[in-house]
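Please read these comments with the model open beside you.

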Amino acid sequence: MRKSLKAVAAGAACVVAGAALYGAGAATAGQSTANSTHEPYNIGQLVKDIDTYYGTTADSNGVYQASEDSPYAEDLARIDGDAKRYIDKAARKAHHRGEKPAVVFDIDDTLLLSLDYEKRYNYTYNATTWNDYVNKADRPAVFGSPELVRYAESKGVEVFYNSGLSEAQRAGAVENLKKVGADVNLDAGHMFLKDKANPPAYLKDCATPGTWSCTTVQYKAGTRAHIEDDLGYEIIANFGDQYSDLDGGHADRTYKLPNPTYFVG
Ligand SMILES: [Mg+2]
(Lines give C-alpha, C1' and ligand atoms only; values in the text may rest on other atoms or scores of the structure.)
Protein backbone atom coordinates (compact mmCIF):
# COMPACT_ATOMS: atom_id res chain seq x y z
CA MET A 1 0.00 0.00 0.00
CA ARG A 2 1.45 3.32 -1.00
CA LYS A 3 2.02 5.96 1.60
CA SER A 4 1.12 9.61 1.46
CA LEU A 5 3.45 12.23 0.04
CA LYS A 6 4.74 13.08 3.51
CA ALA A 7 5.62 9.47 4.19
CA VAL A 8 7.17 9.19 0.75
CA ALA A 9 9.34 12.17 1.46
CA ALA A 10 10.53 10.81 4.78
CA GLY A 11 11.32 7.40 3.33
CA ALA A 12 12.89 8.67 0.16
CA ALA A 13 15.11 11.08 2.05
CA CYS A 14 16.92 8.07 3.41
CA VAL A 15 17.87 7.04 -0.09
CA VAL A 16 18.88 10.44 -1.34
CA ALA A 17 20.60 11.74 1.74
CA GLY A 18 20.31 8.92 4.22
CA ALA A 19 23.91 8.68 5.27
CA ALA A 20 24.18 12.40 5.87
CA LEU A 21 20.91 12.84 7.71
CA TYR A 22 20.34 9.68 9.64
CA GLY A 23 23.67 7.94 9.85
CA ALA A 24 24.82 4.80 8.08
CA GLY A 25 22.97 2.48 10.45
CA ALA A 26 19.56 3.95 9.70
CA ALA A 27 20.31 4.19 6.00
CA THR A 28 21.00 0.49 5.75
CA ALA A 29 18.20 -0.61 8.05
CA GLY A 30 15.63 -1.03 5.32
CA GLN A 31 13.61 2.16 5.67
CA SER A 32 10.69 0.16 6.94
CA THR A 33 9.85 2.63 9.67
CA ALA A 34 9.91 6.36 10.16
CA ASN A 35 13.35 7.21 11.34
CA SER A 36 13.43 9.77 14.06
CA THR A 37 12.26 13.02 15.51
CA HIS A 38 14.68 15.02 13.34
CA GLU A 39 13.15 17.63 11.07
CA PRO A 40 12.48 15.75 7.82
CA TYR A 41 14.35 16.55 4.64
CA ASN A 42 12.81 19.53 2.85
CA ILE A 43 10.28 18.23 0.35
CA GLY A 44 10.95 20.86 -2.31
CA GLN A 45 14.65 20.12 -2.14
CA LEU A 46 13.92 16.42 -2.22
CA VAL A 47 11.96 16.72 -5.47
CA LYS A 48 14.96 18.50 -7.00
CA ASP A 49 17.29 15.81 -5.71
CA ILE A 50 15.10 13.14 -7.28
CA ASP A 51 15.25 14.94 -10.65
CA THR A 52 19.02 15.15 -10.39
CA TYR A 53 19.28 11.50 -9.43
CA TYR A 54 17.28 10.33 -12.48
CA GLY A 55 18.61 13.07 -14.77
CA THR A 56 14.96 13.76 -15.51
CA THR A 57 14.15 15.53 -18.78
CA ALA A 58 10.91 15.94 -20.71
CA ASP A 59 11.10 14.38 -24.17
CA SER A 60 9.51 15.87 -27.32
CA ASN A 61 6.14 14.45 -26.24
CA GLY A 62 6.43 15.98 -22.78
CA VAL A 63 7.08 12.59 -21.19
CA TYR A 64 9.55 12.63 -18.33
CA GLN A 65 12.47 10.32 -19.01
CA ALA A 66 15.49 9.26 -16.98
CA SER A 67 18.94 9.83 -18.50
CA GLU A 68 21.28 7.03 -19.41
CA ASP A 69 24.21 8.87 -17.84
CA SER A 70 22.43 9.68 -14.56
CA PRO A 71 23.47 8.54 -11.09
CA TYR A 72 20.37 6.31 -11.22
CA ALA A 73 21.65 4.61 -14.40
CA GLU A 74 25.11 4.22 -12.84
CA ASP A 75 23.65 2.57 -9.74
CA LEU A 76 21.64 0.18 -11.92
CA ALA A 77 24.68 -0.69 -14.05
CA ARG A 78 26.67 -1.58 -10.95
CA ILE A 79 23.87 -3.74 -9.55
CA ASP A 80 23.31 -5.46 -12.91
CA GLY A 81 27.02 -6.20 -13.34
CA ASP A 82 27.14 -7.80 -9.93
CA ALA A 83 23.93 -9.73 -10.57
CA LYS A 84 25.15 -11.13 -13.89
CA ARG A 85 28.38 -12.41 -12.37
CA TYR A 86 26.41 -13.99 -9.55
CA ILE A 87 23.71 -15.52 -11.79
CA ASP A 88 26.37 -17.12 -13.99
CA LYS A 89 28.04 -18.75 -10.99
CA ALA A 90 24.87 -19.70 -9.12
CA ALA A 91 23.28 -21.18 -12.25
CA ARG A 92 26.30 -23.41 -12.86
CA LYS A 93 26.25 -24.60 -9.26
CA ALA A 94 22.51 -25.25 -9.32
CA HIS A 95 22.68 -27.19 -12.58
CA HIS A 96 25.61 -29.21 -11.21
CA ARG A 97 23.50 -30.16 -8.18
CA GLY A 98 20.57 -31.11 -10.37
CA GLU A 99 18.48 -28.15 -9.15
CA LYS A 100 16.26 -25.99 -11.33
CA PRO A 101 17.49 -22.39 -10.81
CA ALA A 102 15.07 -19.49 -11.11
CA VAL A 103 15.10 -15.72 -10.80
CA VAL A 104 12.17 -13.57 -9.74
CA PHE A 105 11.51 -10.03 -10.91
CA ASP A 106 9.09 -7.47 -9.59
CA ILE A 107 7.63 -5.41 -12.48
CA ASP A 108 6.88 -1.78 -11.48
CA ASP A 109 10.15 0.17 -11.26
CA THR A 110 12.14 -3.03 -11.42
CA LEU A 111 11.47 -3.72 -15.11
CA LEU A 112 9.21 -0.82 -16.16
CA LEU A 113 9.99 2.71 -15.05
CA SER A 114 7.11 4.83 -13.70
CA LEU A 115 9.06 8.07 -13.36
CA ASP A 116 6.76 9.99 -15.70
CA TYR A 117 3.69 9.04 -13.64
CA GLU A 118 5.40 9.81 -10.33
CA LYS A 119 6.65 13.22 -11.36
CA ARG A 120 3.47 14.17 -13.21
CA TYR A 121 1.34 13.42 -10.12
CA ASN A 122 3.84 14.83 -7.66
CA TYR A 123 4.74 11.43 -6.18
CA THR A 124 1.19 10.63 -5.12
CA TYR A 125 -0.87 7.59 -6.00
CA ASN A 126 -4.40 7.28 -7.34
CA ALA A 127 -5.81 3.92 -8.41
CA THR A 128 -7.63 5.28 -11.47
CA THR A 129 -4.80 7.35 -12.96
CA TRP A 130 -2.32 4.59 -12.15
CA ASN A 131 -4.46 1.99 -13.90
CA ASP A 132 -4.77 4.20 -16.99
CA TYR A 133 -1.01 4.71 -17.00
CA VAL A 134 -0.20 1.02 -16.68
CA ASN A 135 -2.67 0.04 -19.38
CA LYS A 136 -1.17 2.48 -21.87
CA ALA A 137 1.67 -0.08 -21.87
CA ASP A 138 4.15 2.60 -22.84
CA ARG A 139 6.53 2.72 -19.90
CA PRO A 140 10.25 2.69 -20.69
CA ALA A 141 12.46 -0.05 -19.32
CA VAL A 142 14.38 0.32 -16.11
CA PHE A 143 17.84 0.62 -17.67
CA GLY A 144 19.46 -2.79 -18.09
CA SER A 145 16.59 -4.86 -16.70
CA PRO A 146 15.39 -6.44 -19.98
CA GLU A 147 19.01 -7.43 -20.66
CA LEU A 148 19.19 -8.98 -17.20
CA VAL A 149 16.03 -10.99 -17.86
CA ARG A 150 17.45 -12.29 -21.14
CA TYR A 151 20.82 -12.96 -19.53
CA ALA A 152 19.23 -15.18 -16.89
CA GLU A 153 17.34 -17.07 -19.58
CA SER A 154 20.56 -17.53 -21.58
CA LYS A 155 22.12 -19.21 -18.54
CA GLY A 156 19.30 -21.73 -18.27
CA VAL A 157 17.65 -19.91 -15.38
CA GLU A 158 13.83 -19.85 -15.29
CA VAL A 159 12.44 -16.32 -15.21
CA PHE A 160 9.38 -15.55 -13.08
CA TYR A 161 7.55 -12.28 -12.44
CA ASN A 162 6.03 -11.46 -9.05
CA SER A 163 3.98 -8.28 -9.15
CA GLY A 164 1.31 -6.42 -7.24
CA LEU A 165 -0.35 -5.46 -10.52
CA SER A 166 -3.84 -6.92 -10.81
CA GLU A 167 -5.19 -9.51 -13.22
CA ALA A 168 -6.99 -6.65 -14.98
CA GLN A 169 -3.58 -5.14 -15.74
CA ARG A 170 -2.06 -8.34 -17.13
CA ALA A 171 -2.53 -7.57 -20.84
CA GLY A 172 -0.97 -4.12 -20.44
CA ALA A 173 1.96 -5.49 -18.47
CA VAL A 174 2.66 -8.22 -21.03
CA GLU A 175 2.44 -5.79 -23.95
CA ASN A 176 4.74 -3.31 -22.23
CA LEU A 177 7.32 -5.93 -21.27
CA LYS A 178 7.40 -7.21 -24.85
CA LYS A 179 7.86 -3.67 -26.10
CA VAL A 180 10.96 -3.09 -23.94
CA GLY A 181 12.54 -6.43 -24.84
CA ALA A 182 11.79 -8.38 -21.68
CA ASP A 183 10.06 -10.97 -23.84
CA VAL A 184 10.76 -14.03 -21.71
CA ASN A 185 8.13 -16.29 -20.10
CA LEU A 186 5.31 -13.75 -20.24
CA ASP A 187 2.70 -16.49 -19.80
CA ALA A 188 0.40 -16.83 -16.80
CA GLY A 189 2.45 -19.74 -15.47
CA HIS A 190 5.43 -17.45 -14.98
CA MET A 191 3.84 -14.07 -14.32
CA PHE A 192 2.16 -13.94 -10.93
CA LEU A 193 -0.24 -11.01 -10.51
CA LYS A 194 -2.59 -10.18 -7.67
CA ASP A 195 -6.00 -11.82 -7.94
CA LYS A 196 -7.85 -10.61 -4.86
CA ALA A 197 -11.21 -12.05 -5.95
CA ASN A 198 -9.87 -15.55 -6.62
CA PRO A 199 -6.58 -15.94 -4.75
CA PRO A 200 -4.55 -19.11 -5.31
CA ALA A 201 -4.70 -21.84 -2.68
CA TYR A 202 -1.07 -21.31 -1.68
CA LEU A 203 -2.04 -17.91 -0.21
CA LYS A 204 -4.67 -19.51 2.03
CA ASP A 205 -3.07 -18.15 5.21
CA CYS A 206 -4.03 -14.60 4.23
CA ALA A 207 -6.56 -14.92 1.41
CA THR A 208 -9.54 -17.02 0.43
CA PRO A 209 -12.08 -16.39 -2.36
CA GLY A 210 -13.82 -13.16 -1.42
CA THR A 211 -11.43 -12.22 1.39
CA TRP A 212 -7.97 -10.75 1.08
CA SER A 213 -5.76 -9.65 3.97
CA CYS A 214 -2.29 -10.41 2.58
CA THR A 215 0.40 -7.83 3.19
CA THR A 216 2.77 -7.21 0.29
CA VAL A 217 5.39 -9.36 2.00
CA GLN A 218 2.91 -12.20 2.60
CA TYR A 219 1.74 -12.06 -1.01
CA LYS A 220 5.18 -11.88 -2.56
CA ALA A 221 6.99 -14.29 -0.23
CA GLY A 222 4.02 -16.67 -0.47
CA THR A 223 4.35 -16.62 -4.25
CA ARG A 224 8.08 -17.36 -4.03
CA ALA A 225 7.34 -20.21 -1.62
CA HIS A 226 4.96 -21.60 -4.26
CA ILE A 227 7.65 -21.34 -6.96
CA GLU A 228 10.12 -23.21 -4.75
CA ASP A 229 7.98 -25.67 -2.82
CA ASP A 230 5.25 -26.48 -5.35
CA LEU A 231 6.97 -25.87 -8.69
CA GLY A 232 10.34 -27.23 -7.59
CA TYR A 233 12.63 -24.33 -8.46
CA GLU A 234 15.52 -22.91 -6.48
CA ILE A 235 15.25 -19.12 -6.52
CA ILE A 236 18.83 -17.95 -6.79
CA ALA A 237 18.01 -14.25 -7.00
CA ASN A 238 15.06 -11.94 -6.39
CA PHE A 239 14.95 -8.41 -7.83
CA GLY A 240 12.77 -5.57 -6.55
CA ASP A 241 12.70 -1.82 -5.98
CA GLN A 242 10.93 -2.15 -2.60
CA TYR A 243 12.07 -3.94 0.53
CA SER A 244 8.61 -5.51 0.61
CA ASP A 245 9.52 -7.22 -2.68
CA LEU A 246 12.50 -8.83 -1.00
CA ASP A 247 11.58 -9.57 2.62
CA GLY A 248 10.23 -12.94 3.71
CA GLY A 249 12.89 -15.29 2.40
CA HIS A 250 12.67 -17.80 -0.45
CA ALA A 251 15.59 -16.39 -2.42
CA ASP A 252 19.30 -17.11 -2.07
CA ARG A 253 20.16 -13.51 -2.85
CA THR A 254 18.17 -10.28 -3.11
CA TYR A 255 18.86 -7.23 -5.25
CA LYS A 256 17.35 -3.90 -4.22
CA LEU A 257 17.01 -1.57 -7.18
CA PRO A 258 16.87 2.16 -6.45
CA ASN A 259 13.51 3.94 -6.19
CA PRO A 260 13.32 7.15 -4.17
CA THR A 261 9.85 8.05 -5.50
CA TYR A 262 7.43 6.01 -3.35
CA PHE A 263 7.33 3.46 -0.57
CA VAL A 264 5.31 0.23 -0.58
CA GLY A 265 5.06 -1.27 2.89
MG1 LIG B 1 8.13 -2.36 -7.84
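The numbered points below take the strand and then the helix.

1. Basis. This is a predicted model, in which local features need pLDDT of at least 70 and side-chain atom pairs count only at pLDDT 80 or more, while totals for chains, interfaces and linings use all residues. Residues are numbered from 1 along each chain as its sequence is written. Helices (H or I, at least four residues) and strands (E, at least two) are DSSP runs, numbered from the N terminus.

2. Burial of strand 3. Strand 3 covers residues 101–105, and five of the five are buried, so the strand is largely enclosed by the rest of the structure. Buried here means that 20 or more other C-beta atoms, placed from the backbone, lie within 10 Å of the residue's own. P101, V103 and F105 lie on one side and A102 and V104 on the other, and both faces are covered.

3. Neighbours of strand 3. Strand 3 runs parallel to strand 8 (residues 234–240), with five bridges between them; two strands pair if DSSP finds at least two bridges. Opposite P101 stands E234 of strand 8. Strand 4 (residues 158–166) is also parallel to strand 3, joined by four bridges, and there E158 is the bridge partner of A102.

4. Helix 8. This helix (residues 216–230) has 15 residues and spans 20 Å from first C-alpha to last, close to the expected 21 Å, which is 1.5 Å times one less than its number of residues. Its buried residues are Y219, K220, A221, G222, T223, R224 and I227. Strand 3, strand 4 and strand 8 are among the elements that cover them. After helix 8 comes G232, with a positive phi near 85°.

Notes:
Buried ≥ 20, exposed ≤ 12 C-beta atoms within 10 Å, placed from the backbone. Contact = placed C-beta atoms within 7 Å.
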